[in-house]
Number of protein chains: 2
Amino acid sequence: MFKKTLLSVLILFVLLSTSHSEDGYELWLRYKKCDQPQLLASYRNHFSGIFLAGNHPSIDAAFSEMVHGLSGIMDKNIPLLKSPQEGAILIGTVTELFPHLQKLSPSFKRPVVPQKKEGYVVVRIPYKQHGLTIITSTSPVGVLYGSFHLLRLLQSQTPVEKLAANESPALDLRMLNHWDNLTRHVERGYAGIALWNWHTLPDYKDPRYTDYARANASLGINAVTVTNVNANALVLTKPYLEKLQALADIFRPYGIRLFLTARFSAPIELDKFKTADPLDEGVKAWWKRKTDEIYQYIPDFGGFLVKANSEGQPGPQNYKRNHADGANMLADAVAPHGGNIVWRAFVYNPESDDRFKQAYEEFKPLDGQFRNNVLVQVKNGPIDFQPREPFSPLFGAISKTPLIMEFQITQEYLGQATHLVYQAPMFKEVLNAETFSNGKPATVLNVIEQRLRPDALTGIAGVANIGNDRNWTGHLFGQANWYAFGRLAWNPNLSSESIAEEWIRQTFNNHPVTVQTVQKMMMGSHESLVRYMTPLGLAHIMGNGHHYGPLPWGNTLGRPDWNPVYYHRADSFGIGFNRTATGTNALAQYAPEVRKQWEDSNSCDEKYLLWFHHVSWQHKMKSGKTLWQELTDHYYQGVNDMRKMKVEWSGLVKKIDPERFNHVSMLLGIQEKEAVWWRNACLLYFQTFSKMPIPAHYEQPDQTLEYYKSLRFPYAPGN
Amino acid sequence: MFKKTLLSVLILFVLLSTSHSEDGYELWLRYKKCDQPQLLASYRNHFSGIFLAGNHPSIDAAFSEMVHGLSGIMDKNIPLLKSPQEGAILIGTVTELFPHLQKLSPSFKRPVVPQKKEGYVVVRIPYKQHGLTIITSTSPVGVLYGSFHLLRLLQSQTPVEKLAANESPALDLRMLNHWDNLTRHVERGYAGIALWNWHTLPDYKDPRYTDYARANASLGINAVTVTNVNANALVLTKPYLEKLQALADIFRPYGIRLFLTARFSAPIELDKFKTADPLDEGVKAWWKRKTDEIYQYIPDFGGFLVKANSEGQPGPQNYKRNHADGANMLADAVAPHGGNIVWRAFVYNPESDDRFKQAYEEFKPLDGQFRNNVLVQVKNGPIDFQPREPFSPLFGAISKTPLIMEFQITQEYLGQATHLVYQAPMFKEVLNAETFSNGKPATVLNVIEQRLRPDALTGIAGVANIGNDRNWTGHLFGQANWYAFGRLAWNPNLSSESIAEEWIRQTFNNHPVTVQTVQKMMMGSHESLVRYMTPLGLAHIMGNGHHYGPLPWGNTLGRPDWNPVYYHRADSFGIGFNRTATGTNALAQYAPEVRKQWEDSNSCDEKYLLWFHHVSWQHKMKSGKTLWQELTDHYYQGVNDMRKMKVEWSGLVKKIDPERFNHVSMLLGIQEKEAVWWRNACLLYFQTFSKMPIPAHYEQPDQTLEYYKSLRFPYAPGN
């Protein structure tokens, strides 16, 4: 007969299959009722209504978010006030808000707001018993940002007396790049298909487009490209401009400007031109006309993001012109409208002896030749979003051109759909790297902040991990990477720990056990993945094309620099890529101070060792172990770390709703399997060169190298 | 300053962008609190708990659904009872349930249940004040079906005294066919990508798989193929069998058996065979081994669904064998396990003079040659799921082989993603068509019911319209077609009206205005679409490949029978396809009684006129108008009908939640645009032959024929 345990299982099951409130859709904007009774009472006392000064779509959006958020957190209705009164939250630009404050009391001073138009203040000021809360800025969008800030503080259970903010963004362009095709296939996407349903746009305005904009605005993300850098000229045609206009209209109140990816050969493809030569007058005129047309649809159009002469994309080099010629031609077209060109530096030709060096070789000579409204977008590392890369030498080498940092939020090389990897520590590792640009101390962050050229535009871009999966990012913890990217884009000096804490409090709950446990999991997750995938400076040993799973033996693709063996160079002597003066000398692209710290295999930071050195299997590591032993230890340590993370999560069964708890639990199960697969496949393969054993006290691989080599994944996603 | 209207807009907006409870995910299983106080009180009085007899996964599923449903409808907790008492709902197979009834009172008689194992009864029996409610069957899955039946009655606000059911399914196999590729692309899918995330299966068990099974079980759908009939041999390999096993395990408690689509050349593709000849002993042995392997993973595996020698798919004809040879070879492999082969009759070779005739020509001679466990699956019409087709002649011609009806729920030719079209009237039009099979009155339904061969297996299949869109079907009203297909598969004698009413009450609400308005919209929607797309028997004049939008001028594809001009044959004399004895004589494939009603262009039912006759533009119609006038009237009438539907919906603004109301409103806006496009493009094109005017009192086309011809949709979905 029926048993109690079965009953619990069934009830759990009912919750699982029918409660959709915890499906992850709400992201970090959940606005659940405050579960601390005293604090709740205090909030209810101090926030009795909202007063709006001024009328602007961004102010309306701020109001709507505040109503939604406050009514959720305080579990009561929030009236719109006809005039300010104690307990009011006053929302508006400082110019429109101040007169109302003065009416209330002539003694109130004009709030001091940051100069930057997106900056804002949140201040509590004494007034009668419950005081006033002011959210203001020079601009409507600043007010919106301030409103999200207040809601973040409330969701994190901040006491009323600590509600204060005075914020300005560190960087101007805080941009998401969606690699979304017009088919809705997302290149390197692991969360379903593209959000943008081109077929039903412009008439069908999915409410999700608004929720997407809300989420971005909550972080201060203010620019998006919604199409792939591997571009399709059709996005520049009337039917698509109408669709893009609909999106831009939805995004605008949220302070988000739309950029487009431009196919360099568009004049040929769309209008049967014989050339796309950027110095051809007809081509120039075509782009000017096209740009003027775009601005008729999207008056605040941001400009073009361009991938040119890279991986088969056309570009100025097709006509013996250089990147500056191409970028400047487009820059002249958008300049009258205040637009910008973001030109990607991700280039690599098959001829070079080291792919590492090529972006530098192509772009360093062009420094100073770009128009003022051109920004060059550089991937964080010299190769391609590996689990760990040294910073790209371009950050230390380009000084007359604004550089945009390009991070990849989507986890192409970081476990894709199924690995929990918190990327903030990796982002910060790059931002904090010392470049000695111009011979002086200057971190990568200092470089992209344009510390030495205060008038230059600055920016940062993240390749989005967003799709139409209900929870947006496929893996729930992918949300944390979207979140962390946005928060760091606004304030790169935030610590990874504090961003994780913010995210956890808003996404899960404020219970100390939840916060501490999840924070610990997140903080260790990236290093754990590096260990079980590419320890000690290994890189690019993933499967061909889809980049799923280990393929260190890969040696079948047409170009050497597409093959894993190109990157690790394992042989009977040792492993690693010699980029010192005795090798490709890629190290020479760095400033002497940087070079020095990496050029000696005995003193090189071991996390970059195999990036720069081909070292013997017997090489003595700082631990005293041989390289082989250390490599083995790292792979095993990575799996062990991952298993600990799984145990930690399982301890949260009573702290997290069953739907999200089970979602993450199942994915951690897959991650564990795949971590073991990585470890076993890589060690068995490298062992064919080292001829050294995996220590007997470790669990031995349960499959043969031949088994791992036999695996095929023709439909791995994102390819 | 802030105005009231803006406030309403903002509040609406807040609702729109943040309330996700009405996003359509719950389908017709919403279980909202009963809004009739007296009825609610009565339910609460009469249903105080659930008593379970027996222990079986399907009984557990029934219990879980009842808890979910009753606690929602009655807004109170429903306890599990340790013993039956008044007010109890008793759930269990009759064998396990009856002893508990007897214990309660020896006077209770054994409930009489239907013989068919999936049949069930729901009965109220008097006992003390509040009586008992019995849901029972010979089988656990019958009990589950009965539970869904009770919940349907309660959601439709049925009074307690009318709660009763005694049901058995009319057909054995009630099957969904998903045309889902391993890439997750859905052929002819307009609701995102496939539900099945092959990459994360088998370890990640998306709760949505369970919700999918629940929805099917609520209708009695008991079989599914989850892969495309344009098949990929990889689904038969170990990694995919492991993934399929996980799905089958989830589906099993819901009474759903998994079928697989079989690629006929799989022995060649998977195991390097030189042949897939069905008479080759090695090939036979391969399929037996493969089938045995599948049954190890899925003990209740249903069998194979095969598309062979059709549209490029391999098949027995590659080896000069016929369909029976191919089907029987597979039938012998699955027979020891109790499996079946479903062999599709959708074939057409480029040689024939009329595609209409080909399925008959290939399959009629094979009647009687198939094994007992083979079913032949026939599309409703002779061509391909057109808005209206006469029934396929095979239904009147095959008498020794069980035929499965194949309907297409996904709206490939019915407006795809954006048209509201309720298909039940179309399904019933086909089921009720008179075949005069064997010379006696027999509808298509009688044929597939195998009235003359009671021991034969019977079935019906629907090509699914389901994807990973949050609301499952893209267009909310697509849910009604999934629903209607399932309900008709269970009981083909239900009226379209009653199915619509059921669906509306469960999906929206029980308000008479809602029910009447939406029912009226639905009932007229199919005829309206036929009018603005393909009136009077036109067919297949859609865009190439993607079949989106009108392309009556289409004449560029390699095979004549892929081109619209092949189907309408418009010329200066007239329009239509002469399939009488003076033409291709396809009519001869029907029984004389059927033929007779269609063979004279003056007496032929005008809705089929152009299917069978090439008639003059001046042809006098029954209305007294010329054919051209009638055609014009139909196109204009179709648009007008559609506009009325839009007005009707707009009247429901206060009856339907804003999220779903706006969803449908935006789609109706698109549908109106597209209906006008269809009307204008078709009439302007046909006018180039008829040389006759569009009456001046009609709104004239606002674009030229050249404009319509210039439109391109390279990324229309589903292709």
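In this predicted model, Q157(B) is placed in the loop between helix 5 (140–155) and strand 5 (165–167) of chain B, where helices (H or I, at least four residues) and strands (E, at least two) are DSSP runs numbered from the N terminus. The phi angle of Q157(B) is near 60 degrees, which is a positive value in a residue other than glycine, and Q157(B) counts as buried at 18% relative accessibility, since buried means under 20% relative accessible area, exposed over 50%, and partly exposed in between (1.4 Å probe, protein chains only).

Residues are numbered from 1 along each chain as its sequence is written, and chains are lettered from A and ligands numbered from 1 in the order in which they are written. Local features need pLDDT of at least 70 and side-chain atom pairs count only at pLDDT 80 or more, while totals for chains, interfaces and linings use all residues; side-chain values use heavy atoms, leaving out hydrogens and water.

**Backbone features**

- R188(B), found in the loop between strand 6 and helix 6 of chain B, also has a positive phi near 60 degrees although the residue is not glycine, and R188(B) is buried at 10% relative accessibility.
- The peptide bond from L201(A) to P202(A) is cis, with omega near 0 degrees, and P202(A) lies in the loop between strand 6 (173–177) and helix 6 (207–219) of chain A.
- In chain B, the peptide bond from L201(B) to P202(B) is cis with omega near 5 degrees, and P202(B) is in the loop between strand 6 (173–177) and helix 6 (207–219) of that chain.

**Aromatic rings**

- The whole structure holds 96 aromatic pairs over all chains, where rings of Phe, Tyr and Trp (its six-membered ring) pair if their centres lie within 6.5 Å, with planes under 30 degrees apart counted as stacked, over 60 as edge-to-face and the rest as tilted.
- One of these pairs, Y636(A) with Y698(A), is stacked, at 4.0 Å centre to centre and 5 degrees between the planes.
- Because Y636(A) lies in helix 21 (residues 627–650) of chain A and Y698(A) in the loop between helix 22 (658–690) and helix 23 (705–710), this pair ties together parts that are 62 residues apart in sequence, and both residues are buried.
- Y548(B) and W677(B) form an edge-to-face pair, 5.3 Å centre to centre with 65 degrees between the planes, which links Y548(B), in the loop between helix 17 (512–533) and helix 18 (564–568) of chain B, to W677(B), in helix 22 (residues 658–690) of chain B, 129 residues apart.
- Y548(B) is buried with a relative accessible area of 9%, and W677(B) is likewise buried at 10% relative accessibility.

**A buried arginine in chain B**

- R559(B) is found in the loop between helix 17 and helix 18 of chain B and counts as buried at 14% relative accessibility.
- Leaving aside neighbours within four places in sequence, R559(B) is in contact (heavy atoms within 4.5 Å) with Y348(B), N349(B) and P350(B), and a polar atom of the R559(B) side chain lies 3.2 Å from the backbone oxygen of Y348(B).

**Chain A as a whole**

- Chain A contains 23 helices and 15 strands, and buried residues make up 66% of its 719 residues.
- Among contacts in chain A between residues at least 6 apart in sequence, 72% join residues at least 24 apart.

Notes
Polar contact = N/O pair within 3.5 Å; in protein donor to acceptor, adjacent residues only side chain to side chain.
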